[in-house]
Amino acid sequence: MNSTPNAPFIARVTKVIADSRKIPQDTVTLDKTFDELKIDSLDGINILFAIEAEFEIDISDDDARKIGSVREAVEGAWTLVAAKEAAAAAES
Amino acid sequence: MDVGGGERGSCGGRIVTRRVAVTGIGAISAFGHTFPDLWNGVSQGRSAIRPMTLVPPGTLRFSSAAEVPDFDPARYFDERDSAFLDRFAQFAAVAAREAVHGSGLEFRQELGERTAIILGTSAGGTTSENEEYRRLYALNQPRLAPLTIPRVMGNAAASRVSLEFGITGPVYTVSTACSSANHAIGQAFWMVRDGHAEAALAGGSEAPFALGFLRAWEALRVVSPDNCRPFSLDRRGLILGEGAGVLVLEPLDRAQARGATVLGEIVGFGMSSDASHITQPSARGAERAMRAALADAHLSHQAIDYINAHGTGTLANDAAETEAIRAVFGAPTGSLPMVSSTKSMHGHALGAAGALEAAVTLGALRHGLVPPTANYTAPDPACDLDVVPNMPRRAAIELALSNSFAFGGLNAVLVFRANSTRSALDKANAG
């Protein structure tokens with residue numbers, strides 16, 4: 001995987017956020033913070049839960065705490081997916 | 001200050017307001033099966049948080065817990081009785097026995113009818129429920145144990161204690177998550193103070209170590225992966241604990257007349273609801289509960305020497321609680337009371353938390369020794385209080401608050417006073 005998230009990946013994350021928060025996907029842009037999208041701490045936990053399911057990854061509590069914007073959610077998920085794929089490649 | 005002998009209006013006319021003494025304390029906790037075990041531990045600043053054993057942590061994000069050590073039900077109950085009792089109800093009975101024994105009270109017919117039992121629990125018999133549902137859902141065994149309902153019901157603990165002591169007055173259970181025990185003790189205090197009961201057993205119990213319940217806590221992302229460090233800059237969450245605490249309450253004059261050892265007094269109780277967010281605490285709600293408790297006690301905030309904090313060790317609670325304490329007690333650090341979170345040592349026992357902390361607060365007042373906030377590493381500007389870091393502190397303290405703030409935004413605060421005739425009684429008892 002590349003070091004920066006590609007457009008389809010970004011779209012998957014923003015769709016998860018939009019679906020979870022029940023808001024139009026086009027409002028979920030990389031420059032938005034969770035505050036701006038009226039995502040509070042409990043909504044945030046639900047969104048991370050949905051992202052974990054979408055990508056079959058495990059976001060630690062410490063990583064979760066660093067996610068407060070759409071960009072941070074996309075980049076956090078990207079890093080974890082990359083790590084998962086690297087681990088799978090190393091095993092095979 | 002006058003808190004005794006006055007009259008208080010009520011719907012049904014006028015009722016006498018009495019001073020309320022604590023004459024018995026029972027506690028089973030991660031430190032052991034008795035209140036002295038708990039007090040010796042926290043007063044030395046020791047932590048009872050250890051690797052979790054009751055549920056193999058496996059892939060759970062946390063692996064530390066404050067579990068009651070070496071609990072063998074056969075030591076306390078015959079086989080037939082323990083079949084009826086979930087671990088949370090067993091804990092309540094063990095703590096109640098210690099408290100009642102210490103008080104010297106016997107609940108013969110008349111007193112039994114005029115004695116209340118109010119116990120808190122958050123999850124009731126969740127370990128029994130988890131086990132039976134595992135058989136049903138995972139093992140496909142459609143038949144559940146016939147005693148599942150009486151084991152799981154939230155009032156199982158209060159009912160057991162009622163049966164065991166023949167206490168036939170008002171008996172019920174309060175479930176307000178982490179504030180359960182403080183709500184229970186507060187209501188019992190009011191009942192004795194206002195003449196609705198001649199004695200009361202009050203407290204709470206909890207046994208949360210069931211995989212389903214732990215997974216639910218994990219999903220909320222508030223449990224620390226390593227240790228509980230309340231008010232510290234690097235705090236990472238709470239550590240779940242278990243156990244039970246029970247206090248025996250009775251009118252002070254009656255306790256003195258029968259020569260009972262008065263372990264302290266409850267002098268105030270205040271409640272509030274945040275009505276703002278289901279999990280995010282509000283400093284305003286906590287502030288209003290503390291103010292209500294002080295008003296109920298007819299006390300100025302300046303009279304308070306020590307606060308046993310809710311202090312869960314989560315980012316949100318400790319900052320909000322600090323803001324609330326500073327709002328009530330004023331800005332200059334010099335005049336703020338000492339504040340410590342003993343959850344850093346006995347863990348967060350949820351529905352039992354307020355009861356264990358009431359026991360600890362009474363110990364602190366009685367011994368003039370403030371238990372510390374353990375595991376403290378670095379100050380957080382958002383928690384700018386004297387949190388008595390790591391080392392217990394000798395201090396002549398007379399009045400203390402004990403805070404409980406629950407998920408759901410429900411707050412309950414108790415005010416305790418040291419027994420003013422303590423030294424005289426201690427001399428009498430030494431003989």
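**View 1. The contact between chain A and chain B in the predicted model.** Chain A contributes 8 residues to this contact, and chain B contributes 11 residues. On the side of chain A that touches chain B, helix H2 (41–55) and helix H3 (61–65) of chain A each provide at least two residues. H2(A) accounts for the largest share of that side, with 4 residues.

**View 2. Helix H5 (residues 126–138) of chain B and its surroundings.** The end C-alpha atoms of H5(B) are 17 Å apart, which agrees with the 18 Å that its 13 residues should span at 1.5 Å a residue. Buried residues in this helix are B:Thr126, B:Thr127, B:Ser128, B:Glu129, B:Asn130 and B:Glu132. The elements covering the buried residues of H5(B) include helix H3 (87–103), helix H6 (148–152) and helix H9 (211–220) of chain B. B:Asn140, which follows H5(B), has a positive phi, near 60 degrees.

View 3. B:Ala207 counts as buried because it has 32 C-beta neighbours inside 10 Å, where the cut-off for burial is 20 or more. Leaving aside residues up to four places away in sequence, B:Ala207 touches B:Asp86, B:Arg87, B:Phe88, B:Phe91, B:Thr127 and B:Glu242. Of these contacts, B:Thr127 is also one of the buried residues in H5(B). From C-alpha to C-alpha, B:Ala207 and B:Arg258 are 36 Å apart in space, with a separation of 51 residues in sequence.

Note on methods. Residues are numbered from 1 along each chain as its sequence is written. Chains are lettered from A and ligands numbered from 1 in the order in which they are written. This is a predicted model: local features need pLDDT of at least 70, side-chain atom pairs count only at pLDDT 80 or more; totals for chains, interfaces and linings use all residues. Two residues are in contact if their C-beta atoms, placed from the backbone, lie within 7 Å. The expected span of a helix is 1.5 Å times one less than its number of residues. A residue is buried if 20 or more other C-beta atoms lie within 10 Å of its own, exposed if 12 or fewer, and partly exposed in between; C-beta atoms are placed from the backbone.
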